[in-house]
Amino acid sequence: MTKLNCRWAMLLVFALMWQPGWAKVSRYQKETDGVKFTLNKGLLKIRVCQADIVEVKYTTLDNFPTFNSLVVNNKFGKPGAFTVSEAGENVVITTSRLKVVVNKETDAITYTDLKGHMITAETGKSMQSQTVAGIDTYSCSTSFKSPADEGLYGMGCHPTDTLSINYKGRNQDMAIKYLTGAIPVMLSTKGYGLMWENYSASNFFGAEENNTQFSYVSESGKQVDYFFFYGPSFDRIIDLYRNTTGKAPMFPKWAFGLFQSQDRYLSQDEIIGVKNNYRNKNIPVDVIVQDWYYWDPLPIGSHVMKPERYPNPKALVDELHKANIHAMISIWPVFGKGTPNYDALDKAGYLTSITWDNVVTHTFDTYYDAHNPKAREMYWQQARDSLVKRYDWDAWWVDQCEPDNGALLDERRKANFSVGKGIDYFNTYSLEHSKGLYKGWRRDMPNKRAFFLIRQSFAGEQRNAATLWSSDITCTFRAFKSQVPQGINACASGIPYWTSDIGGYHYDWHAPDWSTPENRELFTRWFQFGTFSPIFRIHGKGERALFSNNWDEKTRSIVVKYDKLRYRLLPYIYSLAGKVTQENYTLMRSLAFDFASDTNVHNIPDQYMFGPAFLVNPVTEQLYTGTNAGMGKSTRSVYLPKGIAWYDFWTGKKYTGGQTLDAEAPIETMPLYVKAGSIIPIGPVMQYATEKPANDIELRVYPGANGEFRFYEDANDTYNYEKGQFASFLLSWNDKARQLSISANKGSFPGMLKKRTFRITIVKDAHGADNAATNKADKTVVYTGKAMVVKL
């Protein structure tokens, strides 16, 4: 058994055998921001951050340790109003939204609404001394009641994890390492969320006490520390989480188009050839990516594009820009010896003892200390002056930032960061690394919105313009099937932007033969899923660009159809991106966001809402090639959540919610349904995201319920939206009156359209369906920014 598996087994035994050592309240005192309890052993502090956010700290030590949060950036300078009273053996803290009840005999906390209905309750808190990797420390644990009908979501992205979506009744490793993520945020269908404020390697146990409890166990700390968020809606919980840890900034509009990437382009000429093929063949694309080892044969961290292969990097980027294509480059936080950058970091004391066994050179290359602000600044300056600003790159691929050091995880625990021991900061490297990148980019690249594609995320990382991608997954249907629930749960963890390598990264570390029928089917199905992912990216080993000769004409026609659909949906997607930034919205939505009361959705791993309208149902089963080709199956099961009607996007046919369909799934079709009451703005087909103004919009209205949609626009790039330079208007559908109201435009920005045409289509069977423009709208109106009502 490996050292890692031994540690997991020990933690599991601890979780199963542990019984809380209850602490009695000796006295308590009200403070300006909460209540401090002195226990017969240790201390408890309940901090009222606001009416529906509570922080709990517990320690068995004599004093709370000094702790500077890396995750929470809201100081909550004005704590929420609260009262303190006693009720029998309980101390009751009451806010305008909930009650926090502390039992004086056991120090256990129960959370209720104002009517006394239980939301959740602790079953214990614990600190136990232990030695890990030769370091004396304390494990820190919390445990909560969990009724049978509770659904638990979040916990980050775990790319090779099981296909489950619901953490009720199952365990999860919460130690960030290669192909394992950890975002310690959990959402419950009982209306609350938790965020554990501990950065050490941890574990979640979801089936304690015959599946009536769950616990979170962190291997190192000097206090139990967690935040409680009361929704009860998932949207409200995520709103509270981001108000606590930071809002997600707007990405540029081009970031919602197609990214073309490959492992790896080897020369300037090759990239230009990719650009030419996309543009000459009129296939929409917005970004081309230069992946790793453009520096070969120089050591990693040299930040040099090898001149023999890239004779003029600035001319390369300029030529992409002339074709309205943006350029992203991969830069790592690892340094090989013998480079000026390594020497400068080493001389300043900014390197760590953590090394990566370089799979190309078989050298052990060194990570810099991303927890040190001075080291982050030097790292940024080196990359800025050598690559990013020098050549005018538009985006940064942040690879290898776990930090990945293989099986040598104890070396990460023993490492010394500027803020403390690695064991206590095991999971925060990517958070701190992206912090430095975002700070530098905002200061030194002022007219370009930052976009970072990052291999690991932690709580709070959304504020650093980070998109999480699911790492080096395999080119298999099994890996594809795993990505769907992992993307859903990553977004349920409060990180709004997630993506996977369309097609997978590798097949036994080689490029698969993409010309085979099996791999064409895999790529087609994955591309359909990617079209309805927050960020839309092709990447991996082997040629798979949409113009590739590996695709037969049928495959190419299908994927290009979905590519064009993505671009037609940009008014919808970009409006929702505005909602992410302005209202802390979640674009890729677990069904529990919108249908928490429908227990049928709790365990569905492969369906989700994409914004308020689309029910997305990726086809992750191989149906038409390989051993399945002769089975005759051509459908996938789709559950339509109850309480609302649904429309087949492709046909316009209407269905009643609460039923399960065997939805037809020919290779060209991913089953896609639209919720009644939806209003979807659809634009023209474009070659890039900003090619055409949104002056001619098809508005598809799906009757059967009232609904609304807020249309958002800004200048598509720069940070002027933070100064109020954006505009929006509300589209509202009154189903009974059969009328669409368009509010007056609110706000403005330079270059804003003064007039636009809306072609309004009321969807029904075979009318307003499919991805093509509707031939005959039900009504066409001209909108000049003034409120209007359209009767239909």
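Which side chains meet in a salt bridge at 3.5 Å, N to O? Those of Arg455 and Asp472 do. This is a predicted model, where local features need pLDDT of at least 70, side-chain atom pairs count only at pLDDT 80 or more, and totals for chains, interfaces and linings use all residues. Residues are numbered from 1 along each chain as its sequence is written, and side-chain values use heavy atoms, with hydrogens and water left out.

**Salt bridges**

- Taking a salt bridge as a side-chain nitrogen of Lys or Arg within 4 Å of a carboxyl oxygen of Asp or Glu, the count is 47.
- Arg455 and Asp472 are both buried, where buried means under 20% relative accessible area, exposed over 50% and partly exposed in between (1.4 Å probe, protein chains only).
- Glu219 pairs with Arg413, with the closest N and O atoms 2.6 Å apart, and both residues are buried.
- Asp594 bridges to Arg589 at 2.9 Å between the closest N and O atoms; Asp594 is partly exposed at 29%, while Arg589 is buried at 1%.
- Glu31, Asp33, Lys45, Arg47 and Glu55 are joined in a salt-bridge network.

**The sheet**

- Eight strands make an open sheet with antiparallel pairing, in the order E1-E2-E3-E4-E17-E14-E13-E11; strands are DSSP runs of E, at least two residues, numbered from the N terminus, and two of them pair if DSSP finds at least two bridges between them.
- E1 (25-31) and E11 (152-154) sit at the edges with a single partner strand each, so one side of each has no neighbour in the sheet.
- E13 (residues 185-188) and E14 (residues 192-196) pair over three bridges, with Val185 opposite Met195 in E14.

Definitions and conventions:
Helices (H or I, at least four residues) and strands (E, at least two) are DSSP runs, numbered from the N terminus.
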